[in-house]
Amino acid sequence: MSSLAPPRSAPEGGLAHSLRSVQLSDVPVAQPTARLHAATGLLLEATGAALPLGARCQIEGPGGVPLPAQVVGFRGAVSYLMPLKAVTGLATGARVTPDSETQTPHIGASWLGRVINGLAEPLDGLGRLTGDVPLPAHPPKVHPLKKRPIAQPLDVGVRSINGLLTLGRGQRVGLFAGSGVGKSVLLGMITRQTEADVIVVGLIGERGREVREFIEHALGAEGLRRAIVVVAPADEPALMRMMAAELCHTIAAHFRDQGRNVLLLLDSLTRYAMARREIALALGEPPATRGYPPSVFSMLPQLVESAGNGEQGQGSMTAIYTVLAEGDDQQDPVADTARAILDGHIVLRRELAERGQYPAIDVAASISRCMPQVVAEGHLQAARQAKELLARYSQVRDLIPMGAYVPGADARTDQAVQRWPLLEAYLRQGTHEAAMLPACMAQLQEVLA
C-alpha cells in the first residue's frame, strides 16, 4: 500500500526567499493618464484623471514628441493646463501623463556666466547646469522682523542716481519708462558698474534680438562672469514668462542666503504682470482695472517681497524692476501698484531724451525712500537743494527764450537759472562713463558752491 509523501520544503534561496525579499515599493503601479479634451487659445482641458494643481505633465504630441505643460487649475472633473512650449499638432484624445521624471535643479557657483530659460535649462550650449544645493520651486520669504535694515549705500555708477537718488543695499526700486527712452541703456550702465558679487538678469517678455545685444554690449565678457541671465522672450508662452521671473528671484535669494551681495535686474515687471493676466483671463477670472484681474495685483507684492536683505549673517539682494508706462502714462495700474510696493522709483521722461539729456532721468518726479538712511546729512541737504533749483528752473524754462523772464524778481530763481548749465552737465553722462559715489558727492558740492 502506498502512502502520501510528505511535502517538500522550499529550498533555501528559492521562490519563498524571493517573495520575502520583494518590497512593496518595487511593485509597479498604474500611472494615471488623462486625455486631452479641448484646446481654447492657450488653455488646454484634460479629463479622465485627477491631476494635482501645479503638476508638470507631458502631452502626447505628433510623432511621439511630448509637449510639456503644467496644471494651473481645475473645475469639476476637468483639469486646466498651460503649455510650456509652442503648441502645434495637438489632437483631441491625446494622452496626458504626469511627468514623473521632473528633477529638481541643483544650483551652485557653476551657474555664474550661464544663460538659461524659465525651466532652468541652459540656452548657451555650454552643457548642463550642475550644483550641490536643490533649488526651491518658489522664492523663499524672509520674516519681516528678521530682515536686516537697509544701512549701506549702493554705488551704481550713475551720477544722477548716486548724487540725487542714492540707493541702498537691499532696496527695491522701479525704473519707470515708456518705449525708446533709454531704459535698456541705463540698465546696462547699472549692470556693468554696480558693486555686486552676483548679478541676476531677467529678460522677460522683451524682443528676442535684445537678448544677445544685452549680453554682449551691456554685460560684456567681464560682467557675464558674475551674472546669471534668465531669458523668456515675447514669443514664449505666458506660463514660461511667469516662471522665468519667479526663477530670477529664487536664484538671487539663494546667493543672498549664501552671504553674497546680489543685484537683481528684472526687465520687465510689466511683462510679468501681463503674463499673469493672460493666465488668469484664460482661467475665466473676470477683468477689473484696465483688463487686469484682481489676482495680478495680489501676486505682484508676493514676488517683490521675496527681494531685499536677508537675516543676520546673510547677504543683500537689491532689486531693480523696469516698469513700462504705456503711452508714458504714469497712472497705469501696474505702474501705480509698483510705486506703492517698491522702495523708490526712477522716472525716465521722453521730453528729456528728446532734448538729448541721457540718462533721461526726471529727478523731480523720482524718489529713493531709503536715501535718508544711507547718506550723511550734508549729502541729503545738497541733494534737496539741487532738486529745488531744478524745479525752479523748470518753471521759467519756457519764458527765457521769449524774453519774458525778468531777473531780480526772485533771488532763488535767479540762482537756478545761473546754475542750470552746471546742473545739466551733472545730469548728463556717457554710456561707458563710470561715476563712482565719492566723486558724485564731490561734484555735487562743486555745482552748488
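Predicted model: local features only at pLDDT ≥ 70, side-chain atom pairs only at ≥ 80, totals over all residues.
The chain splits into three pieces: domain 1 covers 31–98, domain 2 covers 106–373 and domain 3 covers 380–448. For domain 2 and domain 3, the C-alpha centres sit 30 Å apart. Their contact draws on 24 residues from domain 2 and 23 residues from domain 3. Putting the two together buries about 2100 Å², with carbon and sulfur atoms giving 58% of that area. On the domain 2 side, the residues that lose the most area to domain 3 are Arg 159, Leu 164 and Gln 357, which together make up 33% of what that side buries.

Next come the polar links across this interface. Twelve residue pairs are in polar contact between domain 2 and domain 3, counting pairs with both residues at pLDDT 80 or more. The interface also has one salt bridge by the rule used. Arg 159 and Glu 433 meet through their side chains in a salt bridge, at 2.5 Å from N to O. As for secondary structure, α2 (159–164), α3 (183–193) and α10 (371–374) each put at least two residues into the side of domain 2 that touches domain 3. Of the elements on that side, α2 gives the most, with five residues.

Gln 193 is a handy residue to look at in detail. It belongs to helix α3 and has a relative accessible area of 12%, so it counts as buried. Its side chain reaches the backbone oxygen of Gly 157 at 2.7 Å. Setting aside neighbours within four places in sequence, the contacts of Gln 193 include Asp 155, Val 156, Gly 157 and Val 158, and also Gln 429, Thr 431, His 432 and Glu 433.

Now for the nonpolar side of things. The largest nonpolar core holds 61 residues, and the ones with the most contacts inside it are Ile 161, Leu 164, Ile 190, Val 229 and Ile 361. Helix α11 (residues 377–396) supplies the largest share of this core, namely seven residues. Because domain 2 (106–373) and domain 3 (380–448) both give residues to the core, it lies between them. Looking at one of its members, Ile 190 touches Val 156, Val 158, Ile 161, Leu 263 and Ile 320, once residues up to four places away in sequence are left out. There is also a second, separate core of 59 residues, with Leu 247, Leu 266, Ala 275 and Leu 303 among them.

Back to charge pairs: the structure as a whole holds 23 salt bridges. One of them joins the side chains of Arg 207 and Glu 210 at 2.4 Å, N to O. Arg 207 is partly exposed, at 49% relative accessible area, whereas Glu 210 counts as buried at 14%. Another pairs Arg 209 with Glu 213 at 2.9 Å, N to O. These two, Arg 209 and Glu 213, both lie in helix α4 (residues 209–224), four residues apart, or about one turn of the helix. Glu 213 is partly exposed, with 35% relative accessibility. A further bridge links Glu 424 and Arg 428 at 3.0 Å, N to O. Both ends are partly exposed: Glu 424 has a relative accessible area of 22%, and Arg 428 has 32% relative accessibility. Finally, salt bridges with shared partners tie Lys 147, Arg 172, Glu 305 and Asp 343 into one network.

Key: Residues numbered from 1 in each chain as written. Heavy atoms only, no water. Core = buried A, V, L, I, M, F, W, Y, C linked by side-chain atoms within 4.5 Å. Buried < 20%, exposed > 50% of the residue type's maximum accessible area, 1.4 Å probe, protein only. Domains from an automatic or database assignment. Contact = heavy atoms within 4.5 Å. Buried area = accessible area lost by both parts, 1.4 Å probe. Salt bridge = Lys/Arg side-chain N within 4 Å of Asp/Glu carboxyl O. Polar contact = N/O pair within 3.5 Å; in protein donor to acceptor, adjacent residues only side chain to side chain.
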